[in-house]
Amino acid sequence: AGNDYLFFAPGGGYRAGTGGRVASSSALKCSCRALKPSTERTVSLVAMSISDLQPSSNKRMRVLLVEDNPGDALLARRELENDPRTQFVVHEATSLHAALEHLAKRCPDVILVDLGLGDSTGLGTLRAIRGSSSASIVVLTGYDDAGTGTAAIDTGASDYVVKGTELRRLRSAVRFALARA
């Protein structure tokens with residue numbers, strides 16, 4: 001008695017076949033941080049496989065794109081916005097500092113982050129983002145080096161995409177990152 005049951009799938013936009021309130025996993029993590037002691041209630045989570053869920057008509061995914069190169073940001077934004085299946089709502093940050101400010105106010109479903117920013121480079125950028133958000137992270141890198149991708153995944157990224165050569169894979173990388181969340 002007194003428990004709220006939340007049925008959720010990564011990325012939100014799903015309804016459980018048996019009913020219940022719907023929340024995305026990232027929204028749940030963000031709202032739990034914001035609860036005040038006077039408003040806390042016991043929350044029970046019910047695990048369901050994605051095959052048990054039925055997609056709703058509103059597929060919106062909130063993306064934070066952390067990229068300081070305007071050309072690369074435009075290409076990534078276009079790749080996401082031209083998706084016929086999902087409406088990606090893209091917010092941009094051009095520095096680590098701006099990304100951290102954004103994350104203090106908003107909870108995206110997924111974060112796309114370049115490892116070579118003006119104010120931060122390498123895996124330190126990924127660690128700073130991971131320390132500020134529980135959202136799925138996909139690394140965008142200009143390095144066509146499997147070692148960089150493996151190190152990014154070991155540091156907390158869900159996936160990595162090499163800019164230019166693999167940018168067409170960006171939408172599926174974002175979807176898979178959310179599914180694994």
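Asp83 is buried, and Arg175 is buried too (buried means under 20% relative accessible area, exposed over 50%, partly exposed in between, with a 1.4 Å probe and protein chains only). That pair opens the exercises below. The model is predicted, so local features need pLDDT of at least 70 and side-chain atom pairs count only at pLDDT 80 or more, while totals for chains, interfaces and linings use all residues. Residues are numbered from 1 along each chain as its sequence is written, and side-chain values use heavy atoms, with hydrogens and water left out.

**Exercise 1. Salt bridges**

Find what Asp83 pairs with, then work through other salt bridges of the structure.

*Solution.* 

Step 1. Start with the criterion: a side-chain nitrogen of Lys or Arg within 4 Å of a carboxyl oxygen of Asp or Glu. Side chains of opposite charge can pair when their charged atoms come close. A search of the whole structure gives nine salt bridges.

Step 2. Asp83 has Arg175 as a partner, with 2.2 Å between the closest N and O atoms. Asp83 sits in the loop between α2 and β7 and Arg175 in helix α6 (residues 170-180), so this pair ties together parts that are 92 residues apart in sequence. Helices (H or I, at least four residues) and strands (E, at least two) are DSSP runs, numbered from the N terminus.

Step 3. Arg77 and Glu92 form another salt bridge, their closest N and O atoms being 2.8 Å apart. Here helix α2 (residues 70-81) holds Arg77 and strand β7 (residues 87-93) holds Glu92, so parts 15 residues apart in sequence are tied together. Glu92 is partly exposed, at a relative accessible area of 38%.

Step 4. Arg169 bridges to Asp159, with the closest N and O atoms 3.2 Å apart. Arg169 belongs to the loop between β10 and α6, and Asp159 to strand β10, so the pair links parts that are 10 residues apart in sequence. Asp159 is buried at 12% relative accessible area, whereas Arg169 is partly exposed at 30%.

Step 5. Finish with a network: Glu67, Asp72, Asp114 and Lys163 are joined by salt bridges that share partners.

**Exercise 2. The sheet and its helices**

*Solution.* 

Step 1. The five strands follow the order β7-β6-β8-β9-β10, with parallel pairing (two strands pair if DSSP finds at least two bridges between them). The edges are β7 and β10, each pairing on one side only.

Step 2. Neighbouring strands are turned by 25 degrees against each other on average, direction ignored. Axes are lines fitted to C-alpha atoms, for helices over the stretch in contact, and angles run from 0 to 180 degrees between N-to-C directions.

Step 3. Zoom in on one pair: β8 (residues 110-114) and β9 pair in the parallel sense over five bridges. Ile111 has Ile137 of β9 as its bridge partner.

**Exercise 3. Helix α5**

Which residues of α5 (residues 146-154) are buried, and what covers them?

*Solution.* 

Step 1. The buried residues are Thr148, Gly149 and Ala152. They lie on the same side of α5 because their arc around the axis is only 100 degrees, taken from the directions from the helix axis to the C-beta atoms.

Step 2. On the other side of α5, Ala146 and Asp154 are exposed.

Step 3. The cover over the buried residues includes α4 (123-132), β9 (136-141) and β10 (159-162).

Definitions and conventions: Contact = heavy atoms within 4.5 Å.
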